[in-house]
Amino acid sequence: MTDAGKKKGVPMIVNVAKWTQPDYVKKAKQSNKLQMISISYSHYCEFARFALLAAKVDFEELQCIPGQHILPTLALRFSGETPAVSESAAMHKVGKEGESKAKAEKAARATATPVAVSAEGAIYTDSWDIAGVSGLAPCDEALKKILDECVGVDARHVAYYYLLQERNHSYFHEMGGVNDSWEWRSLWSIGLKYNITSMLGETFQVKDEAAKDAASARLKEACQRIEDGFLRKVGKGRYLSGTDAPGLGDIALAALLAPIVLPDGNYGGKFKGILDKVYEADEGLREMVECFRQTAAGAHCLMVYEKHRPLAERVTTSR
């Protein structure tokens with residue numbers, strides 16, 4: 001264990017993470033590949049993943065289910081003298097405000113995904129940080145603000161509202177079972193899925209239809225602002241980058257809006273069969289998805305995914 005891991009005041013769970021998890025800094029150096037830890041169906045992780053794939057960056061990824069990510073993320077974020085803690089949006093109960101929200105965010109940032117480390121040992125603390133490695137054209141700062149403060153937060157809220165309704169629990173549980181680790185598949189199957197479903201249901205207030213409607217309204221307004229301020233300027237079918245290839249703004253808009261637009265290539269098609277079943281079974285979700293697909297931002301999302309998102313491993317075009 002490193003000296004940093006022995007310092008007084010370091011939480012015990014951080015020491016447990018360092019004792020039990022691989023040394024991702026060493027792994028990146030030995031493999032000469034960026035190492036990324038993610039939650040497989042997080043749209044923030046999908047943004048980072050999509051950007052790296054679009055730029056053909058060679059990287060390796062540990063794709064986790066919620067809960068599985070905690071120890072490896074802590075091991076990497078606390079691998080140096082100074083903790084590499086995310087300063088961007090983190091998981092917290094959507095209804096929290098003020099001091100309670102700040103405390104929840106502070107606690108969540110230590111285990112936020114994605115997080116990555118380069119072969120040179122540089123740690124990238126959030127999706128924008130990681131996506132920047134791609135070298136793709138930068139995102140307009142005003143657009144980034146809209147994506148960070150509204151699109152990413154509210155698209156996730158609305159999508160989870162439907163996915164975590166009791167009528168759709170079986171589909172969410174099926175998504176959690178798509179995992180490379182037999183140990184975590186087993187834990188998920190024997191009971192972890194119920195704990196995670198309950199925790200996320202509380203976080204995203206899935207019993208509060210008014211909160212979902214407010215998030216949807218904010219998201220529609222944000223899509224209109226993106227259309228008026230950015231998409232109309234470049235023209236239909238053109239990239240926000242101003243070039244003949246997508247930039248970070250294009251990839252970020254596509255990935256962060258994807259949970260409520262459901263492009264076929266989302267997550268490389270890894271969960272398409274499951275999400276298709278939810279779409280067909282849940283009329284409310286279906287109406288919401290069709291509504292956002294009709295927006296200019298939704299159309300841009302679909303275009304970027306269709307043209308540029310590679311399929312995940314073991315996913316074929318016949319899916």
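Let me start with a term: a residue is called buried when its relative accessible area is under 20%, exposed when it is over 50%, and partly exposed in between, using a 1.4 Å probe and protein chains only. At 1% relative accessibility, Phe271 therefore counts as buried, and at 8% Tyr267 does as well.

What you see is a predicted model, in which local features need pLDDT of at least 70 and side-chain atom pairs count only at pLDDT 80 or more, while totals for chains, interfaces and linings use all residues. Residues are numbered from 1 along each chain as its sequence is written, and side-chain values use heavy atoms, with hydrogens and water left out.

Tyr41 and Phe271 form an edge-to-face aromatic pair, 5.8 Å centre to centre with 80 degrees between the planes; rings of Phe, Tyr and Trp (its six-membered ring) pair if their centres lie within 6.5 Å, and planes under 30 degrees apart count as stacked, over 60 as edge-to-face and the rest as tilted. Tyr41 is buried too. Tyr267 and Phe271 also pair edge-to-face, at 5.6 Å and 80 degrees. Tyr41, Phe172, Trp188, Tyr267 and Phe271 form one aromatic cluster.

Now to the helices, which are DSSP runs of H or I with at least four residues, numbered from the N terminus. The axes of H9 (residues 169–176) and H10 (residues 182–203) come within 10 Å and cross at roughly 120 degrees, where axes are lines fitted to C-alpha atoms over the stretch in contact and angles run from 0 to 180 degrees between N-to-C directions. Phe172 of H9 and Trp188 of H10 are among the residues making the contact, meaning heavy atoms within 4.5 Å.

Conventions: Helix = DSSP H or I, 4+ residues; strand = E, 2+ residues; numbered from the N terminus.
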